[in-house]
Structure formats: structure tokens, C-alpha cells
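Here's a protein-DNA model to pick apart.

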Protein chains: 2
Amino acid sequence: MKNLARKRPTINDVATASGVSRGTVSRVLNGHANVSLAAELAVRRAVAETGYVVNRAARSLKTSRTGSIVMVLSEPQERLFEDPNFSVLLRVATNQLAERDMSLVLMIAGDRGGRDRVARYLRGGHADGTLLVSTHAGDPLLEEIERAGVPAVACGAVLGRESVIPYATADDHGGAQQITEYLVGQGRRRIGMITGPLDTPGGLLRLEGFTSVLGRKATKRRIVNSDYTQAGGEAAMRELLDSVPDLDAVFVASDLMAAGALQALHAAGRRVPDDVAVGGFDDSIIATATRPMLTTVRQPLAKVAEETVRLLIALLDERDVEPVVLSTDLIVRDST
Amino acid sequence: MKNLARKRPTINDVATASGVSRGTVSRVLNGHANVSLAAELAVRRAVAETGYVVNRAARSLKTSRTGSIVMVLSEPQERLFEDPNFSVLLRVATNQLAERDMSLVLMIAGDRGGRDRVARYLRGGHADGTLLVSTHAGDPLLEEIERAGVPAVACGAVLGRESVIPYATADDHGGAQQITEYLVGQGRRRIGMITGPLDTPGGLLRLEGFTSVLGRKATKRRIVNSDYTQAGGEAAMRELLDSVPDLDAVFVASDLMAAGALQALHAAGRRVPDDVAVGGFDDSIIATATRPMLTTVRQPLAKVAEETVRLLIALLDERDVEPVVLSTDLIVRDST
DNA sequence: ATGAAAGCGCTAACAT
DNA sequence: ATGTTAGCGCTTTCAT
């Protein structure tokens, strides 16, 4: 009874065990037509008995399909990972792909080295598709991906490439309008905004949504750009209070930054929402950890991730795809 | 000039271009000895010129090594993904592996189906190693992994398997002692605790650290088990206030639960830290989003992840490994 | 130090 | 409907 760790069964073992040829086993495994019921049954039984699992390397060598897709993060690392939303993408994408028996490889292309690795990986044909997360318009990675000829979709639009790279996204513009209108409706008159980086869709589109509601009342002085971090939000809030002391509301483009803004307001002795109303964006886990809890815009992130994967799979199947924009919900809590 | 998307160069192309045989190219690529300088140079140049990238599937077919490792999440999905700490693991592990030109595949084994998929994946030989995250002692997955014969390490100890599965972890016990001693040193006398699930190391060991400091003063009434969620922390805090109304401090086993506890205390009209001091654990992104900001125990998570990967690589190289326990830091903020 | 050649496990084209 | 076979790109043994 030695040699317990016996060799992995191959398709040949299954063929022998089921009394048919390798070819037929393969046909059964891949769901091809033209297989008799008897053969199919025999094969299925043999697979179960032998504990056969397909060798993907061999399959891939033959078909040049890998069964895995890469999620590429092109964010300067920390920022994205600080973002609690990111986990949702990861979870949903993993599960969606798993259902199709595909696997998710994670790669970080934050710097030159990372980008090169991704490029080499793709050019090596190690993945069937690419799922871009928070990729910027000018990112050199985009060219590499194009050159590699691997289908790509983006979770959130890639600014400037909307017509080239299919994407699914929450309606940033609409969501920003929603909460801005709400603030106006509450009687707020001097409303400021803290934006994300303007080379990201969330940075740009939320700002545009904001200004589309306020028109000329959205003045430059009332708008401060920041960077999606809590510290950035805090600094931006201080700046805003400085330049617009009579501010009575602020729309902050992410919950994390809004948490920073709350700290700054508290430090400045402003009461929220009495003196200043604060609106966030994301409805992330942060939103209920602050005091007061944040009124915010909920992104249907799980759905966004789901749709992104759906797009990618459609692309792999060579079906036509259209961008998907999903609407957001206003979640009213205590900060407004 | 048609056919732009020309075929990927293979090792044969490199051989032709450099005027040596396939075998020699392979030897150069894999850093074997017995290669003349001239040959090496010629091959390197040909690789650069042709843009050759190794076909992993072919290599894997031959060597039965895959160059990828799986990170298996065996948490009932949401809980872990809610945890901002998790992102750190992912980032560090991805980068560490990338340096060795290995890639990280993410799999979720939260339910039966997920476990089966992981098992099949491993039995199929699709990964060289396994990186376990938040795996419980009784998890049937453990057997599957053992059966698959794939090396495994854990990020955080697997309770009950400490001697079988190598791990790297923060010093949960010591960290809990640190903050408990601190609370005592601040003159707090009636200290309660909200724990994580007791089948997790963080749940159990932090509780043990707590009781090791308080001795018999750590009574059952003052200890409430919870589940690492914010809502859970809030409920636990209410319970605690109910049964121990004169509580003057509470150690909460995670920042996220502590955020919930703060809400409950606020709702109950207790001032923090004046009436009740609150200590957290993790120093996650939540810790500075709350008001007051949390005094907490910082886990060197990046380091933990790094060490976990190091252990796994050592294991793959068939070197001996020892568990790694990394010490924590007390971060004093405003909640105590 | 290098070349030649076998073969890893699979799929798909071809033959029947 | 099924069997036979070539070959995907690589590593490695065996010769030399």
C-alpha cells in the first residue's frame, strides 16, 4: 500500500475505465454533440470513479484559451485598497467567474514594473480577458493591453476611452445630481463640494452632476479638489471653511473623504447637520461608522461588478456589448 | 503588411533567431549552468528582438508546476470583505508573488460549491500552493487541501492546526494584553469586552489576552461574544450596558465592532471616553473615521502578509519553516 | 557546452 | 457516433 500519492488520472485513464476512446471522453467533457447516451454515462461514471480533473495546462496548450482572466488594478496601490468598495468588486467578480469555471488572477500595475509584468503576462497569452479597475485615460497600460490583443472591459468608465473599452458603472453624474438636489431641497443655499481626482470618472462626473444642478452658483471658490483619502477630505474641508466661512452644506465625492470632512468640521466647531450639512458618496462601510452617520449616494457596486463580468464574458463569446450605467440611490441619514 | 497580429513567438523562433538549439534556449531561460557566454548573449538578444514570452501552459504541462498560488477565503463572504484589513493582505501578497513571477488566484470557499471548486482546482494541480485566509479549524476544506497534497500556509493561525499548517500572525494575545493593561493603567476598574467569534484566532486569543490581565475580574457577565460586524458590535454594546450598567471601559476585538459600540454608547447617552473608555483592535481605516477616534491595537498586517508569502515560498522550496508571530503596537487616540 | 528527441495531457481534424 | 492521430510549446534526458 505504498505510493499513496498516486499519479493524477489523465483522460487516458478515464478512457480505459469507461471503455471508450480519448476522443469520446473529450467530447463528453466539452459537451460536444454526437455522443451516445451510453458513452456519456460510462464516461461520467469513470470520471467520478477515477477522480479525474482536467489538466488545464494541457487544454490551454491545445486551445490557447486559459480559463482565467486578470483583474488589473492600475491605481497607485494604497488609494484603491483603502477603498472599502474594492472588496465588493473582487468578491462579485470572483464568484461570477467561478460559476463559469474561470478564475480570477489579481495583478497590480501601479508602477512601471507592475505594468511591465501585466504586459508580459498578457502577451504571454496567460489570460483570456482583462478586467480593468480604476484605470486612467493616459495609462500606458492601455496601449499594452491593446497590443496584446486581449479583450478588456472596465469597471467604471475609462475617461476618454468610453467608446473603445466597454464598461459598467454607477451613474456618477446622476447620483451627484440626486444628492445636490436634495441639499437644495432642504433649503441649503451655500453649497460647496470636495471632489475626487478629476482624471477619474468619479472625480469628474460627480463634479459635473453637482454643477449641473447648481448652475452658476457652483463657483470655483466653493469647489476643492482632493484625492479620495480621509486626510485629503479633512484638508479640503479646512480649505473650504477658510474660503467660504458661511458654507451651509458640502457634497463630498466619497464617504471616506466625508469622514475627514466631518473631523475638520468638528474641529472647527461647526455642528453637523445644523450648521453644515454633509453629503457623501458610495454608501461604503464608513458611512455608518461616522457620527453623525452620513447621508450618501449608494452605488449598486455588486451589480456593477456583475455587469462588468457579464460584459467581459460577452466579449469573449464575441457578442456585441454596450456600456452599462446603473442608477444610484440616495440614502438619507443624520448628516443632512 | 497584413497579418499584423502575427503569431506569438515560441522557443523555436528564439532558437532560430539566435542560431542555437531549443534546448540551449531553454537552459538560458531557466538559468541552468553549462551555457557558454556567447550562447547566452545570443539567446538574450533573440528574446528581446522577437518579444518572446514563455508559454506557461507548455511549461506547466512539462514541469507540473504552475507558477500560481491560490488565496482561499473560507469566510462566509461578507464578513471578511467588510473588513478593510483584507485588502492589505491581497495587495502585499500579490506584490510579493509578482516579484517571484508568480501570480495570485483568488478563490472563495464560503459555501459548499465554493469549497468543491477549490478542491477540484487544487486536485487538478492548477496551483503550486495555497494561502489560507481566515480558515476555521473544522473547515472541511482543510481535508481537501491535505488530500490534494498542495502546500498550504495560513495568514493568521488555523485554530487547532497550529502545528500542521504554518502561519504568520499578529500577536493577538499580546495585543489584547497591551490595551487591557493600558485601560487598567488609566484607572478603569469595570472593564468589559466584546469578542469576535471564538472559533477564530482573533476571537479566542484576544479574549485570552484580556482575561490574562484581568484575572478573576474578567467575569462572564462582562464578556459578550459578537461577530466582527458593526451591527454586531452595536448590539453587543447594548447588551453589555444592560447587564453591567456601571461599566467604565470596554475592549472591543475589532475597530469595526468598536464603531458599532460607539454608536450604542452615544445612543445610551454615555460619553466616550469620560464615562466609558473604548479600545479597538486592528487600527483599520475605520479607527480614524469614528468620533472620538479610536484608541486601538495596530496589527502589522503588511508584515504579516509578507511573512505568510515568505513561508509559502520556503515551503515550495522544501525548506523548513516556523510559525511567525509579530508584535503589535498600541495606538492611543481619543476614545480612552 | 550543445543538439536531438521524447513526451507531458489535451483537443480537433480526419477517417470510418 | 466513435476511434485514430497530429501537434500545441516546453523541459530534460541522452548522446556527443
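A residue is near a molecule or strand if one of its heavy atoms lies within 4 Å of it, and helices (H or I, at least four residues) and strands (E, at least two) are DSSP runs, numbered from the N terminus. This is a predicted model, where local features need pLDDT of at least 70, side-chain atom pairs count only at pLDDT 80 or more, and totals for chains, interfaces and linings use all residues. Residues are numbered from 1 along each chain as its sequence is written, chains are lettered from A and ligands numbered from 1 in the order in which they are written, and side-chain values use heavy atoms, with hydrogens and water left out.

Q: Which element gives the most to the surface near DNA strand D?
A: That's H4(B), with five residues. H2 and H4 of chain A, together with H2 and H4 of chain B, each supply at least two residues there.

Q: How many residues surround DNA strand D, and which are the closest?
A: The count is 29, and the closest are Asn34(A), Ser36(A), Ile11(B), Tyr52(B) and Arg59(B). Sugar and phosphate make up 57% of the DNA strand D atoms that come within 4 Å of the protein.

Q: What touches the phosphate oxygens of DNA strand C?
A: A polar backbone atom of Ile11(A) is 2.3 Å from one. Asn30(A) brings a side-chain N or O atom to 3.3 Å from a phosphate oxygen, and Thr24(B) has a polar side-chain atom at 2.9 Å from one.

Q: Why are Asp101(A) and Arg120(B) called a salt bridge?
A: The term asks for a side-chain nitrogen of Lys or Arg within 4 Å of a carboxyl oxygen of Asp or Glu. Here the N to O distance is 3.6 Å, so the pair qualifies. The rule finds two salt bridges across the interface of chain B and chain A.

Q: How do you know that E2 of chain A and E2(B) pair?
A: Two strands pair if DSSP finds at least two bridges between them. These run antiparallel over three bridges, so they meet the rule. Val105(A) stands opposite Val105(B).

Q: What makes up the contact between the chains, and how much area is buried?
A: Contact means heavy atoms within 4.5 Å, and it takes 50 residues from chain B and 50 residues from chain A. Buried area is the accessible area (1.4 Å probe) that two parts lose on being put together, summed over both; here that is about 4500 Å², with carbon and sulfur atoms giving 56%. In chain B, Arg91(B), Ile285(B) and Arg291(B) lose the most area to chain A, together 15% of what that side buries.

Conventions
A polar contact is a pair of N or O atoms within 3.5 Å; within protein, one must be able to donate a hydrogen and the other to accept it, and residues adjacent in sequence count only if both atoms are side-chain atoms.
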